Amino acid sequence: MFVPDLWPSCGYNLLRKGADGRLIVTDDYLRLYYARPELAPVAESCANERALHASLMDRPRRAVAASEIAAVADADARENYRVMLGFRDRLTAAPNLEAFYSNLFKDDIAVPPDFIHHTAQVILRGMLDGSGDGLEARAAELFFRKQRVTANEGSIMLADDETVEMHASGGGFGSLGKLLKEGQMPLRTVELDVLDEKSSGLYFERDERHDTVLNLNHGRAGCAALCRVLERWIAHFHGVRTTVKPVREIPDDDWVWHVGLDAEATAMLNELYNGGEVEAERMKRVIGLFRLDFRDAAVMRPELAGSPVFLGLAMAPDGTLRMKPQNLLVNLPLASRS
C-alpha cells in the first residue's frame, strides 16, 4: 500500500533514526532552523550577520563566540542568534530528539514555544511513519497546533485556529469566517471538510494546509483516532502499552488519578477531585473525557496498580484548545517515576 509522506516540510526526513527508534539530530536538521525567517539574512543584514549565518550553514555545530553575535548590527538579529544557539546547544547535547523534548519539562528549560511545538510535530511524524490513517494524522495536530472549538447542536468540531484566523480576517471565508471565529456558526456550514472514515484519505492531499475538521464526539471515528494517537504517544515515550477510550463521565469510585491534557482541563479536574465545585457554564467547556488503562498493572505505582487514569480536554474561555501533551510525560503514575 502506498503511504504518502506526511508533513514533508517539518524536517523529519532530515533526521536519522537510531536502533531504538529514537530520532537523532543531523547537521541538515540544524540547517533547517538556520533557514527560518528569524535567522535568514535579509537585504538590510550587515556583513557580520551574513558571515555568521554562512559559517553556521557550513558548520552547523560550530562554537560561536559572544563577540561574533555582538558584532551583528541589528539588535533583533543578535537576540535571535542567542536564542537559536542556546536551543541548538541543548538540542545537540541530548542523545535524541525525544530525550531533548522530555528534558524540557523536567528541567523547566526556556525554549521558544514554536520550537517546542515543532519538536512535538517531528516526533509525532516519526510515530506515524508508515501509517496511512488520515484521521490519526489529523488528531495528531492537536498535540502541536492550537485548535478552534465549535460546539453546536451536540457536535464538537475542531478546526485549526490559525486557519480560522486567516479566513476570519478575509483570507478565505470573509464574514463567514468571522461568525465561525465567534462561535456563531457550525463548522459544517463553512467550506472546511469534516474528516470521517470514508474521507480520511483526503487529509494527505492537504496535510500542510491544516484546513480539515475533526469531529471529537463520543463514538465518532475522530475521537477514536485521538485515543489511538494518545496510546502511541505514551508507548513511544514510556515503553508501556495502554488502552484509551472515551467516557461520558468519571465515576467517583474509580477516580483516583487524572491528567488534564490542557491547562483548562487540569484546573477543572483538580478542583473537582479536591471537593470543589465548578460552575455549570464552565463545565460546558469540557470537550472530552477519556479512561486510560495500563495493560500491565505492574508498570504503575504499587498503590495505584490496576486503577484507571482519567484524561480530560477542555477549551479555554475564548473557545480555543491548546493541548499540552507533555503532561503525559510527567504526570502519569508510573512505578519508574515514584
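**Close-up 1. Arg148 stands opposite Ala159 of β4 in this predicted model.** Strands β3 and β4 run antiparallel and are joined by six bridges. Arg148 also stands opposite Thr320 in β11. The pairing of β3 (residues 147-152) with β11 is antiparallel and comprises two bridges.

Close-up 2

**Close-up 3. β4 pairs with β6 in the antiparallel sense.** Two bridges join β4 to strand β6, which spans residues 212-215. Asn215 in β6 is the bridge partner of Met157.

**Close-up 4. Five strands make up an open sheet with mixed pairing.** The strand order is β5-β6-β4-β3-β11. The edges are held by β5 (193-194) and β11 (320-321); each has a single partner strand, so one side of each is left without a neighbour in the sheet.

**Close-up 5. Four strands form an open sheet in the order β7-β9-β10-β8.** The pairing in this sheet is mixed. At the edges stand β7 (242-247) and β8 (258-260), each with a single partner strand, so one side of each lacks a neighbour in the sheet. On average, neighbouring strands of this sheet are turned by 25 degrees against each other, direction ignored. Six bridges connect β7 to strand β9 (residues 286-294) in the antiparallel sense. Asp293 in β9 is the bridge partner of Thr243.

**Close-up 6. Helices α10 and α11 lie across strands of the four-stranded sheet.** Helix α10 (residues 221-238) lies across β7, β9 and β10 (309-314) and runs at about 150 degrees to β7. Helix α11 (residues 263-273) lies across β8, β9 and β10, and its angle to β8 is about 150 degrees.

**Close-up 7. Helices α1 and α4 cross at roughly 160 degrees.** The axes of α1 (residues 27-34) and α4 (residues 75-93) come within 11 Å. Angles over 145 degrees count as roughly antiparallel, so the crossing angle makes α1 roughly antiparallel to α4. The crossing is right-handed. On the α1 side the contact is made by Tyr29, Leu30, Tyr33 and Tyr34, and on the α4 side by Met84, Leu85, Phe87, Arg88, Leu91 and Thr92. By class, this contact has eight nonpolar residues, one polar and one charged.

Terms used
Residues numbered from 1 in each chain as written. Predicted model: local features only at pLDDT ≥ 70, side-chain atom pairs only at ≥ 80, totals over all residues. Heavy atoms only, no water. Pairing = 2+ DSSP bridges. Axes fitted to C-alpha atoms, helices over the stretch in contact; angles between N-to-C directions. Parallel < 35°, antiparallel > 145°, perpendicular 65-115°, else oblique. Left-handed = near helix turned anticlockwise from the far one by under 90°. Contact = heavy atoms within 4.5 Å. Nonpolar A, V, L, I, M, F, W, Y, C, P; charged D, E, K, R; others polar.
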